[in-house]
Amino acid sequence: MLAYQKKALEEYDYLDLSYQGLAGVVEKTAGGYTLTARSKQKFSLKPGGALEKLVAEGKTRLSVSGKAVQPEKGDPVIEVTEAVESAK
């Protein structure tokens with residue numbers, strides 16, 4: 001069954017993985033930005049202007065929306081298209 005699903009997915013040129021309202025704590029690190037979701041899962045972020053502005057203001061509990069992209073090397077990264085402060 002898995003082989004069949006893999007073959008079926010390979011027939012598509014592009015699969016889109018989008019996130020909406022992914023809530024957690026955003027940190028600026030030496031390698032960029034990371035989001036630790038409430039489930040403790042970590043995501044690498046490619047920030048947009050709104051995310052950078054909120055973090056610069058000291059706001060770290062955020063909800064982000066964006067699309068996952070696979071860089072040439074490394075793990076997938078979420079390109080952030082929207083970031084808002086989460087309710088406490």
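Predicted model: local features only at pLDDT ≥ 70, side-chain atom pairs only at ≥ 80, totals over all residues.

Visitor: Why is tyrosine 19 called partly exposed?

Guide: The relative accessible area of tyrosine 19 is 22%.

Visitor: What makes tyrosine 19 and phenylalanine 43 an aromatic pair, and why is the pair called edge-to-face?

Guide: A search of the whole structure finds one aromatic pair, and it is formed by tyrosine 19 and phenylalanine 43. Rings pair if their centres lie within 6.5 Å, and here the centre-to-centre distance is 5.6 Å. Planes over 60 degrees apart count as edge-to-face; these two planes are at 70°, so the name follows from the cut-off.

Visitor: Which parts does the pair tie together?

Guide: Tyrosine 19 lies in strand S1 and phenylalanine 43 in strand S3, so the pair links parts that are 24 residues apart in sequence.

Visitor: How do you know that the buried residues of helix H2 line one face?

Guide: In H2, Leu51, Leu54 and Val55 are buried. Looking down the axis of H2, these buried residues fall within an arc of 95°, so they line one face of the helix.

Visitor: What covers the buried residues of H2?

Guide: The cover includes S1, S2, S3, S4 and S5.

Visitor: How many residues does the largest nonpolar core have?

Guide: The largest nonpolar core has 15 residues, and Leu22, Val26, Leu35, Leu45, Leu51 and Val64 are those with the most contacts inside it. At least two residues of this core come from each of S1, S2, S3, H2, S4 and S5. Leucine 22 touches, among others, Leu35, Phe43, Val64 and Ile78.

Visitor: Let us turn to strand S4. Why is serine 63 called buried?

Guide: Serine 63, which lies in strand S4, has 16% relative accessibility. The cut-off for buried is under 20%, so serine 63 counts as buried.

Visitor: What makes the meeting of serine 63 and serine 86 a polar contact?

Guide: The side chains of serine 63 and serine 86 come to 2.8 Å. The limit for such a pair of N or O atoms is within 3.5 Å, so the name polar contact applies.

Visitor: Is serine 65 buried or exposed?

Guide: Buried: the relative accessible area of serine 65 is 13%, and the cut-off is under 20%. The side chain of serine 65 reaches the backbone nitrogen of glycine 21 at 3.2 Å.

Visitor: Finally, why is arginine 61 called partly exposed?

Guide: Arginine 61, found in strand S4, has a relative accessible area of 49%. Exposed would need over 50%, so arginine 61 is partly exposed. The C-alpha atoms of arginine 61 and serine 86 are separated by 5.6 Å, although the two residues are 25 residues apart along the chain.

Technical notes: Residues numbered from 1 in each chain as written. Heavy atoms only, no water. Helix = DSSP H or I, 4+ residues; strand = E, 2+ residues; numbered from the N terminus. Buried < 20%, exposed > 50% of the residue type's maximum accessible area, 1.4 Å probe, protein only. Polar contact = N/O pair within 3.5 Å; in protein donor to acceptor, adjacent residues only side chain to side chain. Core = buried A, V, L, I, M, F, W, Y, C linked by side-chain atoms within 4.5 Å. Contact = heavy atoms within 4.5 Å. Phe/Tyr/Trp six-rings, centres within 6.5 Å; stacked < 30°, edge-to-face > 60°. Arc of directions from axis to C-beta. Lists of a residue's contacts leave out its neighbours within four places in sequence.
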